[in-house]
Amino acid sequence: MATRRLYGLLAEFDNPAELYHACEQVRDAGYRDWDSFSPFPVHGIEKAMGFSWSFIPWVAAAFGFTGAAGGFALQAWVATTAYPLVISAKPLLSWQAFIPVTFEVGILSTAIGTLLSMLIFNGLPRLHHPLFGSERFEKASDDKFFVAIEAKDGKFELEGTRAFLEGLGAAHVEVVED
Amino acid sequence: MTTTTAHVPKVYTDADQLSDPVHHRAPLVLGGLSFADVTNKVASVVEKPVSRTWWLFFLFSLSLLSIYGISVAWLVWNGTGVWGLTNPVYWGWAIVNFVFWVGIGHAGTLISAILFLFRQKWRTGINRAAEAMTLFAVACALSFPTIHVGRIWLLYYVAPLPNQMNIWPNFRSPLLWDVFAVSIYGSVSLLFWYTGLIPDLATMRDRARTKWRRLLYGGFALGWRGSSRHWHNYEVAYLILAGISTPLVLSVHTIVSFDFAVSQLPGWHTTIFPPYFVAGAVFSGFGMVVTLMVPSRLIFDLKELITIRHLENMCKIILLTGSMVGYAYAMEFFIAWYGQNPYESFAFVNRAFGQYAWAYWIMISCNVISPQLFWFKKVRTTPWIMWIISIFVNIGMWFERFVITVTSLANDFLPSSWDYYSPTMWDVGCLIGSFGLFFTLYSLFVRFLPQVAIAEVKAVMEEADPHFEGYSAAEGH
């Protein structure tokens with residue numbers, strides 16, 4: 001078995017308030033490669049962590065409009081070129097009748113774009129993550145709250161960062177290896 | 001460093017929820033449950049050995065499903081002649097069942113999308129099960145157009161696929177719009193439901209003690225670990241899905257109603273159909289949610305999460321949409337008179353007093369009269385009464401589609417072609433059997449997946465707010 005690489009430090013907190021305050025201080029201490037973990041989205045945590053922006057709406061919109069345009073183009077091509085039939089004495093390109101399918105295909109594309117971009121921006125799916133090696137981390141999907149600071153962060157030093165995390169009121173701090 | 005004392009949750013009861021909605025928000029989780037209690041309560045349903053009640057229900061559902069299998073096999077072997085379809089009624093129970101099931105399939109996405117946009121936090125207790133129910137209802141619904149073509153191996157005609165005959169579907173037809181609307185509705189509802197499931201699948205994975213559970217839940221959880229950066233993207237994605245599902249859910253039954261409204265048959269050719277169908281769909285969907293939730297919150301001991309308050313809110317929506325449906329029935333009659341079209345007037349008088357009057361009055365008593373009982377708080381807060389009313393709603397909404405479909409066809413413009421339409425045992429087999437499909441899928445769902453959205457319920461508890469006063473008091477600020 002290869003030698004284990006240090007992933008970082010994992011600090012456990014008991015409730016969202018403690019997590020929130022801890023995040024504010026990790027942010028202010030200038031760490032960059034770190035993250036917090038909770039069983040549910042903690043309201044306002046992105047402010048405490050110092051980020052706010054997501055690219056997903058743009059991807060979703062691009063998917064949606066492309067899908068809708070494609071849906072309309074398919075119907076227009078079928079009605080005018082591939083299989084032109086005069087129905088109810090309407091013009092071949094009776095675009096009003098194509099709106100429902102255009103709309104539905106646009107919605108489907110938006111949904112697919114939203115889910116895919118959510119997964120891709122989150123780096124999911126992935127089969128393994130160093131944090132899954134921690135037994136206590138299983139509670140991250142139950143009732144415990146965690147902050148992890150990665151070893152690759154420029155400010156990270158094992159003892160100093162451990163003392164810093166303990167000073168934030170962590171109930172438990174442990175070393176996580178990859 | 002001070003160790004913070006654990007916050008002791010306040011124990012709320014039914015009484016806290018039902019009193020004075022003005023001065024405080026009603027709690028959504030009763031019994032003083034902590035986050036861990038919520039996880040345990042929901043997850044243990046799936047982890048405990050199967051109960052005898054579940055087996056009985058599952059086997060019952062499975063036997064109904066086998067009726068469906070036999071009925072469909074007989075239909076495919078012989079053709080649609082085994083049904084009671086006859087001149088002039090060529091749209092019988094198949095479309096009635098289709099519209100019935102699609103309608104039921106509207107509650108889930110309404111709860112998860114529209115109530116989400118309106119910030120109705122109580123939706124978290126019921127949205128998972130309602131969305132699952134939606135998917136299963138849409139599956140039942142889609143099965144009917146599939147089998148009603150008779151030669152089901154030719155179903156691909158509805159898809160815009162290049163083929164050796166060089167023909168393409170007619171995109172000007174509402175029936176084709178319907179193919180797209182319902183199948184896309186099913187697909188998007190599935191994506192939405194799955195997105196909501198990811199964090200809970202991670203919870204199931206983390207609690208799993210057997211290899212197979214860990215592999216299966218872990219595989220479907222996609223490596224979710226509750227990162228705040230992930231949650232941020234997740235919430236944005238969820239909001240977008242809710243935002244697009246809202247017009248989607250309204251469009252689906254609108255387009256279903258076009259199947260009727262775009263034709264020129266008296267009784268069908270009316271502009272009131274889209275809103276009236278959507279209201280009816282929500283009405284019947286909530287009826288089915290109540291039918292399922294009232295027993296399952298007792299059987300699986302989820303009374304603290306699916307509270308009387310949740311049920312009461314659903315009853316209010318049933319009351320509202322039931323009244324809208326009643327208004328639409330009245331307005332159809334008014335327009336039939338006001339429009340002075342003799343065929344239209346006849347169609348409606350014939351509905352109420354003609355050969356299908358019995359079906360019409362079942363529909364009126366179930367859909368218009370029975371939900372009005374929800375004006376009484378006692379009725380809205382007594383589970384067994386609302387359960388009975390919800391059954392009436394289900395029955396009434398099936399009859400609504402029967403009345404609309406059959407009365408207009410059986411007595412059309414030409415009296416010499418009139419006839420009385422009756423179903424055969426194979427029609428009945430398909431309807432009963434589709435309930436088998438629905439209940440089989442639903443019982444598998446409650447067996448293998450968390451039926452309450454664990455993460456979402458935690459997020460609406462007052463302890464989830466980082467600025468919750470209980471924490472600052474415990475820390476001594």
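**Layout, contact and backbone**

Author: The centres of domain 1 of chain A and domain 2 of chain A, taken over C-alpha atoms, are 47 Å apart. Bear in mind that this is a predicted model.

Reader: Which residues go into domain 1 and domain 2 of chain A?

Author: Domain 1 takes 6-39 + 143-177, and domain 2 takes 56-121.

Reader: On to the contact. How many residues does it take from chain A and from chain B?

Author: Chain A puts in 63 residues and chain B puts in 56 residues. On the side of chain A that touches chain B, at least two residues come from each of α1 (16-28), β2 (34-37), α2, α3 and α4 (99-121).

Reader: Which element of chain A gives the most to that side?

Author: α4(A), with 14 residues. By residue class, the side of chain A that touches chain B has 38 nonpolar, 15 polar and ten charged residues.

Reader: Now chain B. How many helices and strands does its secondary structure come to?

Author: 18 helices and zero strands. The radius of gyration of chain B is 24 Å, close to the 23 Å that the globule rule gives for 477 residues, so chain B is as compact as a globular protein of that length. Its C-alpha trace spans about 90 × 55 × 40 Å along the principal axes.

Reader: What share of the residues in chain B is buried?

Author: Buried residues are 50% of the 477. As for contacts in chain B between residues at least 6 apart in sequence, 80% join residues at least 24 apart.

Reader: I'm looking at helix α10 of chain B. What span should its 27 residues have?

Author: At 1.5 Å a residue, α10 (residues 273-299) of chain B should span 39 Å, and its end C-alpha atoms are 39 Å apart, which agrees.

Reader: And why call α10(B) largely enclosed?

Author: Because 21 of its 27 residues are buried, the rest of the structure largely encloses α10(B).

Reader: What follows α10(B)?

Author: Asp301(B), whose phi is positive, near 55°. Asp301(B) lies in the loop between α10 and α11 (308-338) of chain B. It has 12 C-beta neighbours inside 10 Å, so Asp301(B) counts as exposed.

Reader: I'd also flagged Leu222(B). What is its phi?

Author: Near 60°, a positive value in a residue other than glycine. Most residues other than glycine have a negative phi. Leu222(B) is placed in the loop between α8 (211-221) and α9 (228-261) of chain B. With 16 C-beta neighbours inside 10 Å, Leu222(B) counts as partly exposed.

Reader: Cis or trans for the peptide bond from Leu124(A) to Pro125(A)?

Author: Cis, with omega near -5°. Pro125(A) is in the loop between α4 and β3 (145-150) of chain A.

Reader: And what about the bond from Asn87(B) to Pro88(B)?

Author: That peptide bond is cis, with omega near 5°. The loop between α3 (52-78) and α4 (93-104) of chain B holds Pro88(B).

Reader: Last one, Phe55(A). Buried or exposed?

Author: Exposed, because 12 other C-beta atoms lie within 10 Å, and the cut-off for exposed is 12 or fewer. Phe55(A) sits in the loop between α2 (45-49) and α3 (56-82) of chain A.

Methods. Residues are numbered from 1 along each chain as its sequence is written. Chains are lettered from A and ligands numbered from 1 in the order in which they are written. This is a predicted model: local features need pLDDT of at least 70, side-chain atom pairs count only at pLDDT 80 or more; totals for chains, interfaces and linings use all residues. Helices (H or I, at least four residues) and strands (E, at least two) are DSSP runs, numbered from the N terminus. A residue is buried if 20 or more other C-beta atoms lie within 10 Å of its own, exposed if 12 or fewer, and partly exposed in between; C-beta atoms are placed from the backbone. Domain bounds come from an automatic or database domain assignment. Two residues are in contact if their C-beta atoms, placed from the backbone, lie within 7 Å. Ala, Val, Leu, Ile, Met, Phe, Trp, Tyr, Cys and Pro count as nonpolar, Asp, Glu, Lys and Arg as charged, and the others, Gly among them, as polar. The radius of gyration is taken over C-alpha atoms; the globule rule is 2.2 Å times the number of residues to the power 0.38. The expected span of a helix is 1.5 Å times one less than its number of residues.
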